[in-house]
Amino acid sequence: MPRLSDSMEEGTILRWLVEDGTEVSRGQEIVEIETDKATMPYEADFDGVLRVVASEGDTLPIGAVIATIGDAAAPAAAANGSAAVPASEPAQEAAEEAPAADPAPVSADVGAVAEPAGAPAAAAAGGAAVNGAEGRVKASPVARRIARERDIDLHKLIGTGPAGRIVKADVLAAQTTTAPEPAPAAAQTPPPPAPPPAPMGTVGNKGEVVEQELTRTQQVVARRMAESRATVPDFTIAMDVDMEAARALRAQLKHAAAEGQPVPSFNDMVVKACALALREFPRANGSYRDGKFELHGRVNVGVAVAAQDALIVPTVFDADTKSLGEIARTTRELAGRVRDGSIRPPELSGGTFSVSNLGMYGVKHFTAVVNPPQAGILAVGAIEERAVVRDGELVARHTMTITLACDHRILYGADAAEFLARIRQLLEQPLALAF
């Protein structure tokens with residue numbers, strides 16, 4: 001299992017793109033792997049015969065064997081009695097946990113491994129989907145553990161997860177609808193009286209509780225945010241920005257833009273202003289790691305994008321050298337790929353600073369959580385008309401609040417204030433963003 005992103009700890013085999021025993025060449029895409037951030041194909045490292053070890057639906061840690069390539073590789077499962085390729089411990093454990101079924105021939109799906117003679121088959125119609133060289137049921141590790149503990153046959157369940165995969169909720173639902181057969185007793189004893197049925201609707205004062213498993217992305221977000229709160233001594237500062245000049249500049253850019261050309265948004269201006277300020281304040285573009293400051297040579301700004309039930313932060317690389325138009329095109333392309341699920345792990349890594357904008361939802365002010373090991377993150381609020389004093393008079397001005405959350409181990413109060421003030425200055429004098 002290759003490491004396809006910085007935060008990846010395990011991956012799920014979604015689909016084998018070539019069959020077991022096929023001759024593959026270096027650079028050929030052989031398998032699709034789901035990581036904590038995206039789904040992407042993985043290419044063969046060299047030429048040879050592919051022997052599949054891990055089945056579709058298997059979730060394995062980094063470094064576990066998923067296949068072998070080479071003329072000398074033994075088949076993953078051979079019906080003629082030849083030696084099998086030793087699977088990784090997680091794969092063997094998953095195979096042992098899968099309950100056995102009556103032997104029957106199983107036809108291989110597209111991209112799946114052909115079943116050897118005597119392999120376990122899927123249960124009758126309506127049962128769980130079976131895949132892989134040993135007819136294992138597609139099920140999450142949690143579902144397997146619960147089924148083993150409660151003696152539930154996974155082959156008889158219908159999975160509601162991706163690609164028919166059995167998840168925890170399927171096992172728990174099966175337990176409520178099927179009762180285990182009673183063990184034979186030495187002497188017949190009358191069964192105890194059944195308890196009276198519970199009245200309808202009495203499911204507790206919170207109502208009916210439905211447990212929902214987190215997606216891999218949600219698990220990573222939860223873990224990283226908890227780590228941030230537990231390990232980063234952060235503080236926040238905020239400033240109001242007069243956006244009148246920025247509004248005027250955007251109106252001019254919109255008027256001058258050709259048909260189909262993306263017009264820089266206010267968030268694009270914020271990204272550019274942050275990038276220029278990060279170049280002037282190296283520690284704001286750095287990280288604190290193992291008692292040392294790491295000052296990064298490139299300015300890569302992550303832009304938070306709301307995906308379905310998750311928060312993804314793609315990276316605008318070298319944002320300090322890109323024009324506003326280039327940043328506008330890049331952010332739109334990245335946001336589109338996040339929402340359609342085609343974003344690649346390299347586009348989600350390498351960030352040195354982050355920007356999170358909730359202004360489009362009418363949020364005036366909020367505090368974002370620092371994304372370790374970055375030194376800070378900028379939270380951007382809504383632009384709205386406010387009453388402000390200018391030259392001794394009360395006037396209405398379009399104003400926006402920006403809030404900087406910092407890791408106090410690398411960015412101190414005065415440094416953070418100067419950095420945030422520089423961002424405000426660039427936004428209030430937006431012509432500087434063109435250089």
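Reply: In this predicted model, the backbone nitrogen of Ser-265 lies 2.9 Å from a polar atom of the side chain of Asp-268, and Asp-268 itself belongs to helix 6.

Me: Is Asp-268 buried or exposed?

Reply: The general idea is to compare relative accessibility with a cut-off, residues under 20% being counted as buried. Asp-268 counts as buried because its relative accessibility is 2%.

Me: Which side chain makes a polar contact with the side chain of Asp-268, and with which residues is Asp-268 in contact once neighbours within four places in sequence are left aside?

Reply: The polar contact is with the side chain of Thr-331, at 3.0 Å. With those sequence neighbours left aside, Asp-268 is in contact with Val-263, Leu-324, Ile-327, Ala-328, Thr-331 and Arg-332.

Me: How should I read helix 6 as an element, starting with its length and then its burial?

Reply: A helix can be read by setting its end-to-end reach beside the span expected from its residue count. Helix 6 has 15 residues and reaches 21 Å from its first C-alpha to its last, close to the 21 Å expected at 1.5 Å a residue. As for burial, helix 6 is largely enclosed by the rest of the structure, because 12 of its 15 residues are buried; among them are Asn-267, Asp-268, Lys-272 and Cys-274.

Me: At what angle do the axes of helix 6 and helix 7 cross, and which residues make the contact?

Reply: The axes of the two helices come within 9 Å and cross at roughly 115 degrees, and helix 6 passes helix 7 in a right-handed crossing. The contact is made by Asp-268, Met-269, Val-271 and Lys-272 on the side of helix 6, and by Leu-324, Ile-327, Ala-328, Thr-331 and Arg-332 on the side of helix 7. Sorted by class, this contact has five nonpolar, one polar and three charged residues.

Me: Why might the residues that point the same way along a helix be three or four places apart?

Reply: An α-helix has 3.6 residues a turn, so residues at that spacing point the same way. Turning to the case here, the buried residues of helix 7 are Leu-324, Gly-325, Ile-327, Ala-328, Thr-330, Thr-331, Leu-334, Ala-335 and Val-338.

Me: What covers the buried residues of helix 7, and how many residues does helix 7 have?

Reply: The cover includes helix 5 (244–256) and helix 6 (266–280), together with strand 13 (301–303), strand 14 (305–307), strand 15 (310–312) and strand 16 (315–316). Helix 7 itself, spanning residues 324–340, has 17 residues and reaches 24 Å from its first C-alpha to its last, close to the 24 Å expected at 1.5 Å a residue. Just after helix 7, Gly-341 takes a positive phi of about 80 degrees.

Me: How should I read a positive phi in a residue that is not glycine?

Reply: Most residues other than glycine have a negative phi, and most peptide bonds are trans, which is the background for reading the cases that follow. Asp-151 has a phi near 55 degrees, a positive value in a residue other than glycine, and its place is in the loop between helix 2 (141–149) and helix 3 (168–177). With a relative accessible area of 68%, Asp-151 is exposed. Asp-391 likewise has a positive phi, of about 55 degrees, although it is not a glycine; Asp-391 sits in the loop between strand 19 (384–390) and strand 20 (393–407), and it is exposed, with a relative accessible area of 82%.

Me: Which residues does a cis peptide bond join?

Reply: That bond joins Pro-372 and Pro-373, with omega about 5 degrees. Pro-373 is found in the loop between strand 17 (353–357) and strand 18 (376–380), and the backbone oxygen of Pro-373 is reached at 2.9 Å by the side chain of Ser-287.

Me: Where does Ser-287 lie, and is Ser-287 buried or exposed?

Reply: Ser-287 lies in strand 11, residues 286–289, and counts as buried because its relative accessibility is 3%. Not counting residues up to four places away in sequence, Ser-287 touches several residues, including Lys-292, Phe-293, Gln-374 and Ile-410.

Conventions
Residues are numbered from 1 along each chain as its sequence is written. This is a predicted model: local features need pLDDT of at least 70, side-chain atom pairs count only at pLDDT 80 or more; totals for chains, interfaces and linings use all residues. Side-chain values use heavy atoms; hydrogens and water are left out. Helices (H or I, at least four residues) and strands (E, at least two) are DSSP runs, numbered from the N terminus. The expected span of a helix is 1.5 Å times one less than its number of residues. Buried means under 20% relative accessible area, exposed over 50%, partly exposed in between (1.4 Å probe, protein chains only). Contact means heavy atoms within 4.5 Å. A polar contact is a pair of N or O atoms within 3.5 Å; within protein, one must be able to donate a hydrogen and the other to accept it, and residues adjacent in sequence count only if both atoms are side-chain atoms. Axes are lines fitted to C-alpha atoms, for helices over the stretch in contact, and angles run from 0 to 180 degrees between N-to-C directions. A crossing is left-handed if the near helix is turned anticlockwise from the far one by less than a right angle, and right-handed if clockwise. Ala, Val, Leu, Ile, Met, Phe, Trp, Tyr, Cys and Pro count as nonpolar, Asp, Glu, Lys and Arg as charged, and the others, Gly among them, as polar.
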